[in-house]
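Reader: Please take one residue of this chain and describe its surroundings closely. Start with the chain as a whole, so that the residue has a setting.

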Amino acid sequence: VILILTKLYDFNLGAVTESSLWRSTDYGSTYSKLNDKVGSRTVLSYLYVCPTNKQKILMLSDPEVESAVLISSDEGASFEKYPINFNVLSLLFHPAQENWILAYSHDYKLYSSMNFGKEWQLVHENVMPGRFYWAVMGLDRESDVVHIETRIAKGRAKYVKCRAQRCTEGNRQYLFPGHVDTNSLVVQDEYVFTQVTKSGRASYFVSYMRESFRQMKLPKYCLPKDMHIISTDEKQVFAAVQEWNQNNTYSLYISDSPGVYFILSLENLRTSRGPAGNLLVDFYKVEGINGMYLANKIVDNHIKTFITYNKGQTWALLPAPTTNVAGNNLHCILPFCSLHLHLEMSENPYTSGPITSKKSVPGIIVATGNTGTELSSTNLGMFITSDAGNSWRQIFDEEYNIWFLDNGGALLAVLHATTPLRQLWISLDEGKKWDRHSFSLAPLYVDGVLMEPESDNHIITFFGHFSHRSEWQLIKIDYKGLFSRRCMDGDYQTWYLHNKGELCVMGEKQIYMKRRPGNRCMLAQDYSRIYSSEPCLCTAYDFECDYGWERQADGICSPAFWFNPNSATKSCSFSQSFLNSTGYRKVLSNNCKERGRNAFSPKRVACHPKAPQGLHLSTSHGELSATIGSNVTFMIHLDNVSHNYT
């Protein structure tokens with residue numbers, strides 16, 4: 001079933017005056033108009049599909065005409081209309097319960113429905129936009145819990161936790177002591193984040209596994225102006241931090257499992273702002289390969305693309321292809337010349353965006369970019385890797401939208417152009433050979449491509465228009481005829497994941513399965529991508545430097561100038577011991593096998609607490625007088641801890 005909502009915008013009135021709902025039950029071969037079923041005078045504004053039950057559809061009417069929701073439980077075959085007494089700005093569906101929905105109104109109120117929008121109840125007032133979250137299954141005790149940030153004064157808010165339909169004052173929990181900054185609450189996976197600014201200085205706090213909040217610890221020299229959580233995958237936090245001396249760049253920091261102790265991974269990441277002013281970081285997680293990321297870093301005012309295979313512990317430039325599309329030698333040699341990729345996400349969900357990878361095809365990445373000394377916005381081409389970034393090929397010398405078809409077994413390419421098109425390209429051998437097909441008799445301005453990901457149907461729908469004044473055009477393509485049969489065991493081959501020849505990646509040797517390039521057979525949706533995996537013995541590079549330690553040129557982690565490795569004893573008392581860091585911590589999700597006594601793992605040490613020593617204050621010149629207006633460095637010494645203050 002395909003549902004399409006179209007609207008007629010009157011430029012003279014500056015408003016939508018008509019809408020039409022279209023429904024197809026044959027993958028888009030035919031469409032019927034449903035205006036009579038939703039009310040001929042009803043103007044629809046949004047269409048939502050329940051993420052956990054696609055039979056259920058919820059539509060919002062235009063509040064300028066009437067405030068109502070229209071609900072279907074049969075994929076849009078029939079609808080029931082229910083009036084509501086508030087204007088909906090956004091909806092948030094529960095991750096597991098198909099009938100539970102949160103609705104945010106234009107007047108900062110949050111409502112909940114437990115029967116898929118038929119009835120609504122006020123949850124809380126003065127809720128900050130986008131700062132409300134459903135319970136995370138397996139972490140919050142009750143599945144109907146809601147996490148909310150509520151504004152109490154300018155720049156100040158409270159973190160409130162309550163049940164969706166029982167959020168009266170007596171049933172609310174205030175889990176963070178005191179107020180928090182507005183627009184700072186983030187609830188993601190095992191973590192809850194917030195921040196508090198006092199005297200112009202922000203402090204950041206984290207709750208792990210719903211335990212009490214702890215202050216997040218960055219290296220002492222890092223004085224953050226801003227922090228954004230990029231990822232919380234695999235029980236680890238990736239954070240983009242803007243330091244006191246940065247203006248247009250952020251640095252990437254990665255945490256331990258509780259999200260408290262952070263170490264620097266990569267400096268000066270390129271950033272930009274989205275249409276709504278939101279921060280966009282040039283950082284990309286490669287799907288299907290554990291621990292593999294791409295990032296764009298500014299080096300001497302040049303934007304360069306770097307890759308990591310060990311979750312940000314080490315980074316390297318991308319090797320350029322040896323030849324271009326025409327087969328001419330590129331003469332692009334590391335480190336002076338390399339491949340650079342655009343990593344931003346597409347704002348249009350019906351285009352592929354500049355970079356694509358999928359779990360169903362581990363090791364294959366298709367991206368827009370260029371070769372040279374830095375990333376460019378002109379003279380762009382399309383590049384592909386079939387071995388997880390170790391080698392690349394150029395497949396087009398212009399910018400294309402590229403999608404994976406047939407569970408990743410084929411590639412579809414459409415020119416990214418402002419001119420009308422009539423041709424598409426399909427490859428069955430990982431981009432080595434491309435077959436051209438015409439999809440339209442007349443050239444079409446392509447606005448997007450609709451397809452159902454991870455499904456066994458082979459239908460794609462192009463939508464666009466023949467001219468700027470013409471109606472919408474939809475073109476259905478069934479590409480099943482490209483394949484002669486379903487894939488059998490003999491149609492697959494194995495390949496080794498490696499990092500520049502090193503087979504141990506993230507502590508294990510992994511062999512993957514993929515279809516032999518060029519075999520015209522359909523991939524089974526459930527075939528196993530990982531053929532075998534065995535752990536490697538741990539080495540130094542399966543460990544990152546622990547908080548307070550820095551890796552030296554010889555690869556050894558040594559204490560940073562601001563860190564005293566013996567300071568852990570401050571929490572000791574007699575007859576106790578503690579795990580003292582050796583300067584290393586294992587990269588999270590790394591599966592290497594430790595043999596015998598490991599030199600990198602923390603060592604249990606007996607506590608030997610000492611009474612505090614006296615305070616000594618001096619200056620770097622050894623004098624306790626200074627000329628007015630000059631800089632003075634004070635030396636403060638207490639209990640084996642020294643600090644310099646200027």
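Author: The radius of gyration used here is taken over C-alpha atoms, and the globule rule is 2.2 Å times the number of residues to the power 0.38. The model is a predicted one. For 646 residues that rule puts a compact globule near 26 Å, and the chain has 29 Å, so the two agree. Along the principal axes, the C-alpha atoms fill a box of roughly 85 × 65 × 55 Å.

The chain is built with 55 strands and 1 helix. Of its 646 residues, 47% are buried. The accessible surface comes to about 33,100 Å², and carbon and sulfur atoms account for 50% of that surface. Taking contacts between residues at least 6 apart in sequence, 44% join residues at least 24 apart. Charged side chains number 63 positive and 63 negative, and the centres of these two sets lie 4 Å apart.

Glu398 sits in the loop that runs between strand E33 (393-396) and strand E34 (400-405). Its relative accessibility is 42%; because buried means under 20% and exposed means over 50%, Glu398 counts as partly exposed. Once neighbours within four places in sequence are set aside, the contacts of Glu398 are Leu380, Gly381, Met382 and Leu415.

Conventions: Residues are numbered from 1 along each chain as its sequence is written. This is a predicted model: local features need pLDDT of at least 70, side-chain atom pairs count only at pLDDT 80 or more; totals for chains, interfaces and linings use all residues. Side-chain values use heavy atoms; hydrogens and water are left out. Helices (H or I, at least four residues) and strands (E, at least two) are DSSP runs, numbered from the N terminus. Buried means under 20% relative accessible area, exposed over 50%, partly exposed in between (1.4 Å probe, protein chains only). Contact means heavy atoms within 4.5 Å. Accessible areas come from the Shrake-Rupley method with a 1.4 Å probe; for residues, only the protein chains shown count as cover. Lys and Arg count as positive and Asp and Glu as negative; His and the chain ends are not counted. The place of a charge is taken as NZ of Lys, CZ of Arg, CG of Asp or CD of Glu.
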